[in-house]
Amino acid sequence: MTLQKYIEESILPRYEGFDGGHRRDHAETVIAESLKLAREHGADEQMAYVIAAYHDLGLQFGRERHHIYSGEILMEDNMLRQWFTEEQMLTMRDAVEDHRASGKNPPRTIYGAIVAEADRQIDPESIIARTMAYSKKMYPDGDFETLYRRSKEHLMEKYAEGGYLRLWLNSERNVEGLKALRNIIGDEERLRACCKSCANREENN
């Protein structure tokens, strides 16, 4: 069995049980962007591939410490040891732990910076949709105003000027995406309309 076959058949399907913002399509997008950044920065592409594939698996145990649990899942997967040394395994675990946007310290290695940057995926519409989806998960009986207030609060806290999000590699895609997202967040009417559109799509799916 190849590494790619193992990841595609045994790892990526685990994402299907997560919330709408963290399903398999999210993991695959992070993988694609991680590989691109690995090539740009001269990093090992196989390691970047695995880190991206495992980075959110810890969500099965809850969101707060998911980055730690994800690193543990990676380290406990002995299948990976047929392709990687113990030193590489430890580096990959550290990178998975370092990917979280709310982390206060910079990633310990280029691999942590790569997966963190890839995970940001700053596409305004997608971020607003994921935020609304998570708000709905947290408040399943909440009306639109409840979901909107919670989503706006999170978007401001994370993405607005002075928010906790950090871009460690400042990829052009994320820099431009963050600028566009901040323009929406700063316009109450526009933000409300975007959130309403996301809520309507969710109801119709």
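This is a predicted model: local features need pLDDT of at least 70, side-chain atom pairs count only at pLDDT 80 or more; totals for chains, interfaces and linings use all residues.

Modeller: Residues are numbered from 1 along each chain as its sequence is written, and side-chain values use heavy atoms, with hydrogens and water left out.

Colleague: What makes helix 4 roughly antiparallel to helix 5?

Modeller: Helix 4 (residues 66-76) and helix 5 (residues 86-97) pack at an angle of about 160°, with their axes 8 Å apart. Angles over 145 degrees count as roughly antiparallel, under 35 as roughly parallel, 65 to 115 as roughly perpendicular and the rest as oblique, so helix 4 is roughly antiparallel to helix 5.

Colleague: Why is helix 7 called oblique to helix 9?

Modeller: Helix 7 (residues 124-138) and helix 9 (residues 172-185) pack at an angle of about 60°, with their axes 9 Å apart, and that angle makes helix 7 oblique to helix 9. The contact (heavy atoms within 4.5 Å) involves Pro124, Ile127 and Ile128 of helix 7 and Gly177, Ala180, Leu181 and Ile184 of helix 9.

Colleague: How do you know that helix 4 is largely enclosed by the rest of the structure?

Modeller: Buried means under 20% relative accessible area, with exposed over 50% and partly exposed in between, using a 1.4 Å probe and protein chains only. Eight of the 11 residues of helix 4 are buried, so helix 4 is largely enclosed; among them are His66, Ile73 and Leu74. What covers the buried residues includes helix 3 (45-54) and helix 5.

Note on methods. Axes are lines fitted to C-alpha atoms, for helices over the stretch in contact, and angles run from 0 to 180 degrees between N-to-C directions. Helices (H or I, at least four residues) and strands (E, at least two) are DSSP runs, numbered from the N terminus.
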